[in-house]
Amino acid sequence: MGAVLAVVLGASLAGCSSTGGKRAEERAAEAAEGRAAVNTPRWTFAMVTHSGDGDTFWDIVQKGAEQAALKDNINFLYSHNDEANQQAQLVQTAIDKKVDGLIVSLAKPDAMKAVIAKAVKAGIPVVTVNSGSAESEEFGALTHIGQDESVAGEAVGDELNSRDRKKALCVLHEQGNVGHEQRCAGAKKTFDGTMQNLYVDGTNMPDVTASIEAKLQSDKSIDAVVTLGAPFADAAVQAKQTAGSKAEIDTFDLNAKVATGLQTDKLGFAVDQQPYLQGYEAVDLLWLHRYNRNVLGGGLPVLTGPQIITKDDADALADYTKRGTR
Amino acid sequence: MSGATAAPENPDQLDERLVRTSPLRKLLGRPELGSVVGAAAVFLFFAIVADSFLQASSFGTVLYAASVLGIMAAPVALLMIGGEFDLSAGVLVTSSALISSMFSYQMTANVWVGVLVSLLVTLAIGAFNGFVLTRTGLPSFIITLGTFLMLTGLNLGFTKLISGTVSTKAIGDMEGFESARALFASTLTLGGVEFKVTILWWAALVGVATWILLRTRFGNWIFAVGGEADAARAVGVPVIRTKIGLYLGVAFAAWISGQHLLFSYDVVQSGEGVGNELTYIIAAVIGGCLITGGYGSAIGSAVGAFIFGMTSKGIVYAEWNPDWFKFFLGAMLLLATLLNAWVRKRAEATS
């Protein structure tokens, strides 16, 4: 044990890099830090999402929420589970804790209905984020912050048309996520060519690559692959290379890898829904509601997307994706 | 230890099987003792670090989480005492809910019809597991891994085929829904605290399982086939019937859990349940079941489920970073098992 530690310490001291790495990241992060900008009491807001473990998208949402929490003097709690029943239990624990505000994603709305009603009844203001624009108001939430998944899907279909694509594959990485189904359905609706759905296990990356690879090998006429999350775009790029396919890879969401992919023409376009904004606005709107009874959206969802990002925009965004806020 | 056939040297000395053991020693010899000590430790720990853990409403939430797991852990513990695993148990819960929901919806039948059809099909899947296992003599690990994967595929395949999406259609407005919900997913208010009905199901299942294990002939058979199947067969224990019976038990509990899922949310997601089978096994092991079979208890599985429920919710009440959740869970499991092994060793040394 001691020897291992010594080797690790020695290695880190011996080889310094003047570019990139942790130090560059720290320098970039310094700009984002700060102190509370308000002197309201320290309220506690809980966010409960349907994210799986180690999901990049939700990490960015969390970052946005934490930034707003810092500014608004909020004690911010985050928890997540990708099983509907478990997510509902987590919301219940937040109610037990008597939090001052609740942020919930409604990927599986039916499972969340009862427990959100309970929160509303207990006088906890609820803001829904990401998925669930259709159910948010009915469930008694103040407002919904996210993108209309159907609209985002339709934007993808249009973009594929303008790129002269004929046969596309829509890769779904979360089985049972209604929002994902809506995206693919939306794309199918506006796309002039044919579009197929492919289900993969999003928590198992090698499996995602292998599934896409197998599909591309068995059907050479596929000329576009649309993944529904940024990490899966990279998996699709790898699958495309191994399968020797000419398909264009496009994706929903953004991360550093996707930004570089766009710059180097490995990817066609990305549809961003600005996850940072979803976390940031959710906390900020709850604060505004606590502080000033403000509600945004006028009963309609507050949209953070879709925003089509191509090679031209990727350069400007590269810095932000690198620090993990876009 | 003297052989039972050896004549006692002193006629006054009793046969060792008839020697009365003190209640304390009896207690120390129980399989679940280690886990009870572990549960007390976990409870104390979270009572200290998490302010909201001791509230009555939090207790209802913890018990609910434990009951959902415990309903499955009890028959899984029996199965493990019988020397077998069931890796298909987690997905079987989802299958059971899907069958019930889709049958009622597609046939526009009273939901109770779907519930009964689901019971029959779920039991049939359990019987299939047991039958293939006893027929082939292959390890249950392989057999149930096969059914696990097949069921995962069938769940998604059939749901997409029938309802066109990955979740079932809502059946909340159908006849019989309210009464079925009352049975499987109602909430009881006791002194201002809400308790889910699953807690009663859990208690009943653990009670029945304990009675079977300790008071019936079938219970003796379970210990016998798990300890040494060949020896059990040689003394006349119906090994095949016992094992199939154990798989039927798991299927029955999966049916209860499945109906609970369905009637809580009235829509079922086809992709869920994967990974839960391990949680059931974990609860049984924390509760003192040996992986190798032949030893364990149903009450232990309940304590294991309770530890699991306390830990999973306690971490949230304590406001710890959820990124570390699985680590804490793993550490708790390891500690509980170590404590269990230690207590058992001490108990054996003193008796």
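This is a predicted model: local features need pLDDT of at least 70, side-chain atom pairs count only at pLDDT 80 or more; totals for chains, interfaces and linings use all residues.

Residues are numbered from 1 along each chain as its sequence is written, while chains are lettered from A and ligands numbered from 1 in the order in which they are written.

Chain B has 14 helices and 2 strands; these are DSSP runs numbered from the N terminus, with helices (H or I) of at least four residues and strands (E) of at least two. Its C-alpha atoms fill a box of roughly 80 × 55 × 35 Å along the principal axes. Of the 351 residues in chain B, 49% are buried (20 or more other C-beta atoms, placed from the backbone, within 10 Å of the residue's own).

The axes of α3(B) and α11(B), lines fitted to C-alpha atoms over the stretch in contact, come within 8 Å and cross at roughly 175°. The two helices are therefore roughly antiparallel (an angle over 145 degrees between N-to-C directions).

Chain A and chain B also touch: 20 residues of chain A and 24 residues of chain B take part, where contact means C-beta atoms, placed from the backbone, within 7 Å. The elements of chain B that give two or more residues to this side are tabulated here.

| Element of chain B | Residues |
|---|---|
| α3 | 56–81 |
| α11 | 239–265 |
| α13 | 298–317 |

Among them, α3(B) gives the most, with 4 residues.

How values were computed: Two residues are in contact if their C-beta atoms, placed from the backbone, lie within 7 Å. A residue is buried if 20 or more other C-beta atoms lie within 10 Å of its own, exposed if 12 or fewer, and partly exposed in between; C-beta atoms are placed from the backbone. Axes are lines fitted to C-alpha atoms, for helices over the stretch in contact, and angles run from 0 to 180 degrees between N-to-C directions. Angles under 35 degrees count as roughly parallel, over 145 as roughly antiparallel, 65 to 115 as roughly perpendicular and the rest as oblique.
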